[in-house]
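Visitor: I am new to this structure. Please show it to me, and then let us go through it.

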Amino acid sequence: MSSKARRHTHKYHQVRVGSDNVWACALPYCSHYMPAHMSNMVPGKASICWSCNEEFILDPVNMKMEKPICSECSLIKSIADGNPELKHEDDTNKSHVEPITKNKLLDLFKE
Ligand SMILES: [Zn+2]
Ligand SMILES: [Zn+2]
């Protein structure tokens with residue numbers, strides 16, 4: 001055994017370094033972190049949930065948390081809070097109300 005470093009899934013959390021938020025592993029025997037210019041590498045990485053300690057995959061939604069938790073825990077949490085935050089997904093889901101275009105107006109009068 002040449003190395004003390006154990007193979008593990010990093011437990012990512014955000015730490016403030018200067019003016020940057022850096023994703024770092026919180027485990028005591030690990031000094032892994034993602035430099036700010038590499039933070040686009042973080043989504044899709046496995047991390048350990050800060051609530052249930054199970055492995056889950058980081059994505060742009062759970063990365064809004066300083067200490068990300070898995071989707072199950074965030075669901076439980078939002079129910080417990082009586083304040084579901086699932087509505088944040090609205091952005092992807094905007095209603096496509098088309099303004100009436102000139103052509104459409106002309107169509108109306110065609111017949
Ligand atoms: Zn680690
Ligand atoms: Zn969890």
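Visitor: What is the order of the strands in the open sheet?

Guide: This is a predicted model, in which local features need pLDDT of at least 70, side-chain atom pairs count only at pLDDT 80 or more, and totals for chains, interfaces and linings use all residues. Residues are numbered from 1 along each chain as its sequence is written, and chains are lettered from A and ligands numbered from 1 in the order in which they are written. Strands (E, at least two residues) and helices (H or I, at least four) are DSSP runs numbered from the N terminus, and two strands pair if DSSP finds at least two bridges between them. The open sheet has 3 strands with antiparallel pairing, in the order 1-2-3.

Visitor: How many bridges join strand 1 to strand 2?

Guide: Strand 2 covers residues 20–25 and runs antiparallel to strand 1. Gln 14 has Trp 23 as its bridge partner in strand 2, and Val 17 has Asp 20. The number of bridges joining strand 1 to strand 2 is 6.

Visitor: Which residue takes a positive phi in the hairpin of strand 1 and strand 2?

Guide: This hairpin has 2 residues between the strands. The phi in question is near 65°, and the residue is Gly 18.

Visitor: In what order do the elements of the protein chain run?

Guide: The protein chain has 5 strands and 2 helices. From the N terminus on, the order is β-β-β-β-β-α-α.
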